[in-house]
Amino acid sequence: MTTQLQATPPKTLRHSRRRSAGAAARRPMVTFRCSAAARSSYGITLLPGDGIGPEVVDVAKDVLFVAGAKEGVELRFQEMLMGGAALDAVGVPLPDETLAAARASDGILLGAIGGYKWDNNEKHLKPETGLLDIRSGLGVFANLRPVTVFPQLVDASPLKKEVAEGVDIMVVRELTGGIYFGKPRGFGSNDKGEETGFNTEIYSVSEIDRIARVAFEVARKRGGKLCSVDKANVLEASMLWRKRVTAIASEFPDVELSHMFVDNAAMQLVRNPKQFDTIVTNNIFGDILSDEASMITGSIGMLSSASVGESGPGLFEPIHGSAPDIAGQDKANPLATILSAAMLLKYGLGVENAAKRIETAVTQTLDNGFRTGDIYSPGTTLVGCKRMGKEVLKALESQK
Ligand SMILES: NC(=O)C1=CN([C@@H]2O[C@H](COP(=O)(O)OP(=O)(O)OC[C@H]3O[C@@H](n4cnc5c(N)ncnc54)[C@H](O)[C@@H]3O)[C@@H](O)[C@H]2O)C=CC1
Ligand SMILES: CC(C)CC(=O)C(=O)O
Ligand SMILES: [Mg+2]
């Protein structure tokens with residue numbers, strides 16, 4: 001299935017202008033939609049990465065291919081090196097060829113990167129640096145992480161049934177700014193000669209405004225409620241964040257905006273997650289809160305994500321890491337990556353019917369009682385990563 005890719009990537013976000021009068025109406029608005037002309041053939045870059053990454057991508061690739069074919073869409077795959085696998089093969093975590101191939105493709109499906117072997121590498125030779133570089137290299141500043149409790153998995157959640165059931169949150173995480181990218185950063189020493197390590201949390205107005213607009217757009221299409229999570233009681237970067245999110249709210253009078261400090265948000269997600277509809281937050285808070293929120297659904301192995309920018313292909317990946325503790329044992333839950341493939345079809349290519357097919361096949365597989373270890377509960381059938389993939393494929397193939 002691996003072939004050469006064609007260029008002409010679709011735009012995943014586009015700027016448009018409202019036609020009505022008024023200052024707010026004249027401001028550019030980011031619209032979260034695919035603007036690609038419908039085509040029948042797309043090139044997808046696969047970045048399996050490390051640990052369980054290749055296991056889950058292998059499974060999701062087949063599901064993606066079949067879902068596309070069912071809708072008359074041909075998907076051509078090209079696998080590229082990334083993360084520790086790239087370090088071992090060519091000495092860098094993000095080879096130029098990988099970034100070029102990703103940019104020239106129509107969508108990117110990434111597994112996960114990282115592992116003990118590279119943990120003590122210098123910063124520029126860490127798999128994680130490759131991940132940050134591809135996100136910024138593609139300009140995918142908006143990371144959407146849906147937190148959806150499948151009714152079949154309510155018992156897998158560590159929360160009480162009445163707290164977990166029906167939870168449906170979209171976390172919109174800023175992905176290419178903040179403390180993961182801020183300068184100065186590094187190691188130094190203080191006036192006592194003690195070694196120090198430091199990073200910088202920094203956001204500009206334009207970075208906040210664009211992620212806020214995406215989040216308001218997303219909230220508008222969902223339950224109309226947006227909660228902005230920050231630490232504006234302490235951090236200057238958060239004070240600016242809150243000021244700008246509040247200012248952008250005037251462009252979206254139909255969306256109800258609230259603000260919450262991140263420490264409270266972490267607590268509220270466990271106490272009463274159903275109070276949230278859409279959450280917008282910075283890079284590091286979004287990283288941490290989405291891992292926390294994943295457990296409401298039963299497992300981190302259930303959470304997919306879509307990362308999109310103003311133009312160019314989107315990056316689609318499960319929110320989990322390379323899980324070295326279970327790698328190579330066929331224990332990984334591939335559903336987060338399979339659902340990321342569905343997001344690729346929906347947000348990346350605009351082939352919404354194919355995305356729905358995958359979602360239906362996942363639901364069917366859970367209805368049929370198949371569970372990997374992380375979402376297992378008594379009375380269900382314990383399967384490995386490969387078998388789970390086969391069951392999803394079977395459900396997909398049985399669709400008309
Ligand atoms: N996007 C990425 O590629 C990410 C990479 N990482 C990297 O991954 C490596 C491991 O990091 P950890 O902190 O252990 O986080 P992790 O997300 O890899 O694993 C945390 C725990 O969740 C379990 N888990 C994760 N995904 C699972 C799945 N699909 N099915 C079943 N169980 C699953 C793991 O077995 C582990 O017990 C590190 O090198 C880290 O830097 C971490 C997060 C994101
Ligand atoms: C490995 C980090 C760079 C990122 C991360 O944990 C994430 O994006 O979820
Ligand atoms: Mg993370």
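**Before you start**

Residues count from 1 along each chain as its sequence is written, while chains are lettered from A and ligands numbered from 1 in the order in which they are written. Because the model is predicted, local features need pLDDT of at least 70 and side-chain atom pairs count only at pLDDT 80 or more, whereas totals for chains, interfaces and linings use all residues.

**Stop 1: the whole chain**

Switch to the C-alpha trace. Along its principal axes the trace spans about 55 × 55 × 45 Å. The radius of gyration is 21 Å, which agrees with the value near 21 Å for a compact globule of 400 residues. That radius is taken over C-alpha atoms, and the globule rule is 2.2 Å times the number of residues to the power 0.38.

Colour by burial next. Buried residues make up 50% of the 400 residues. Buried means that 20 or more other C-beta atoms, placed from the backbone, lie within 10 Å of the residue's own.

**Stop 2: the two domains**

Select 1-149 + 299-400 for domain 1, then 158-297 for domain 2. The bounds come from an automatic or database domain assignment. The C-alpha centres of the two domains lie 22 Å apart.

Now look where they meet. 26 residues of domain 1 are in contact with 30 residues of domain 2. Contact means C-beta atoms, placed from the backbone, within 7 Å.

On the domain 1 side that touches domain 2, β2 (28-32), α5 and β6 (142-148) each supply at least two residues. β6 gives the largest share of that side, seven residues.

**Stop 3: ligand 1**

Select ligand 1 and the residues near it, with a C-beta atom, placed from the backbone, within 6 Å. 21 residues surround ligand 1. Start with the closest: Gly 114, Gly 301, His 320, Gly 321 and Asn 333.

**Stop 4: ligand 2**

Move to ligand 2. Around it are Glu 128, Leu 131, Leu 132, Asp 287 and Ile 319. Which helix gives the most to this shell? Helix α5 (residues 127-138) does, with three residues.

How values were computed
Helix = DSSP H or I, 4+ residues; strand = E, 2+ residues; numbered from the N terminus. Buried ≥ 20, exposed ≤ 12 C-beta atoms within 10 Å, placed from the backbone. Contact = placed C-beta atoms within 7 Å.
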